[in-house]
Amino acid sequence: MHEQSTRRGPLAGTLAGPLALLQRLLDAGRARTGHLVRELLKFGTVGALAFVVDVGTFNLLRVGLDLGPLTSKTVSVVLATTVAYLGNRHWTFRHRGRPGVRREYALFFLFNGIGLAISLACLGFSHYVLGLTSPLADNVAANGVGLALGTAFRFWAYRRWVFPAVAPELAPEAERSPVA
């Protein structure tokens, strides 16, 4: 049987202190941002589903039924918004405050309206100002640039106003669990 050496090398002793400090800092950072990372991942999953609904509906209406680009985008966003609300309320932000369903629903749709305006502005600029009128150009403007900008705005607005944080001492024990 062959024994493995446990020697670390000449620098192991001198690096132990700084490496341990770095590890403690990384652990503290993960503890503070872990809930945010989980929310982002869940938000992204719900958003991916809503994206499929949005893009699928947009293309069905725009290409399949030959509706105008702005009408198609408006209908697709309203449908995708309903899917996103249900997913975010009941999964992504379920541990956050519930200031009242009517208020929450109204704010959710208000901020989605602003997100829609961001997407429509990108689409309208591309389609009507730049003259890029192909289905590909409409998709890039609406479902690429517009969606990315609108999504960043929505995540910020949802966390800030729609699903506000609850003080940890007010949250039920099950909701404080880090494995939500």
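Student: Which residues do ring pairs link into a cluster?

Tutor: This is a predicted model, where local features need pLDDT of at least 70, side-chain atom pairs count only at pLDDT 80 or more, and totals for chains, interfaces and linings use all residues. Residues are numbered from 1 along each chain as its sequence is written, and side-chain values use heavy atoms, with hydrogens and water left out. Rings of Phe, Tyr and Trp (its six-membered ring) pair if their centres lie within 6.5 Å; planes under 30 degrees apart count as stacked, over 60 as edge-to-face and the rest as tilted. The cluster linked by such pairs consists of Phe 43, Tyr 85, Phe 93, Tyr 105, Phe 108, Phe 109, Phe 155, Tyr 158 and Phe 163.

Student: How many aromatic pairs does a search of the whole structure find?

Tutor: A pair of aromatic rings is described by the distance of the centres and the angle of the planes. Searching the whole structure gives a total of 16 aromatic pairs.

Student: What kind of aromatic pair do Phe 43 and Phe 93 form?

Tutor: Phe 43 sits in helix H1 and Phe 93 in the loop between H2 and H3, 50 residues apart, so the pair links distant parts of the chain. Helices here are DSSP runs (H or I, at least four residues), strands are E runs of at least two, and both are numbered from the N terminus. The ring centres of Phe 43 and Phe 93 are 6.5 Å apart with 55° between the planes, and the pair is tilted.

Student: Why is the pair of Phe 108 and Phe 109 classed as it is?

Tutor: The centres of the Phe 108 and Phe 109 rings are 6.1 Å apart. Their planes stand at 65°, so the pair is edge-to-face.

Student: Is Phe 109 buried, partly exposed or exposed?

Tutor: Buried means under 20% relative accessible area, exposed over 50%, partly exposed in between (1.4 Å probe, protein chains only). Phe 108 has a relative accessible area of 0% and is buried. Phe 109 has 26%, which makes it partly exposed.

Student: At what angle do the axes of helix H2 and helix H3 cross?

Tutor: Two packed helices are described by the angle between their axes and the distance between the axes. Axes are lines fitted to C-alpha atoms, for helices over the stretch in contact, and angles run from 0 to 180 degrees between N-to-C directions. H2 covers residues 69-92 and H3 covers residues 101-129. Their axes come within 10 Å and cross at roughly 145°.

Student: How do the residues of the contact of H2 with H3 divide?

Tutor: Contact means heavy atoms within 4.5 Å. On the H2 side the residues include Leu 70, Val 77 and Tyr 85, and on the H3 side they include Phe 108, Leu 116 and Leu 123. Ala, Val, Leu, Ile, Met, Phe, Trp, Tyr, Cys and Pro count as nonpolar, Asp, Glu, Lys and Arg as charged, and the others, Gly among them, as polar. The contact divides into 13 nonpolar, seven polar and three charged residues.

Student: Which helices does the salt bridge of Asp 54 and Lys 73 tie together?

Tutor: The N to O distance of this bridge is 2.8 Å. Both Asp 54 and Lys 73 are buried. The two are 19 residues apart in sequence, Asp 54 in helix H1 and Lys 73 in helix H2, so the parts tied together are H1 and H2.

Student: Which residues are linked in a network of salt bridges?

Tutor: The whole structure has five salt bridges. One of them joins Glu 39 and Arg 159 at 2.0 Å, N to O, and these residues, in helix H1 and helix H4, are 120 residues apart. Glu 39 is buried at 2%, whereas Arg 159 is partly exposed at 22%. The network links Glu 39, Arg 96 and Arg 159.

Student: What pattern does the chain follow along the sequence?

Tutor: The chain has five helices and zero strands. Read along the sequence, the pattern is α-α-α-α-α.

Terms used: Salt bridge = Lys/Arg side-chain N within 4 Å of Asp/Glu carboxyl O.
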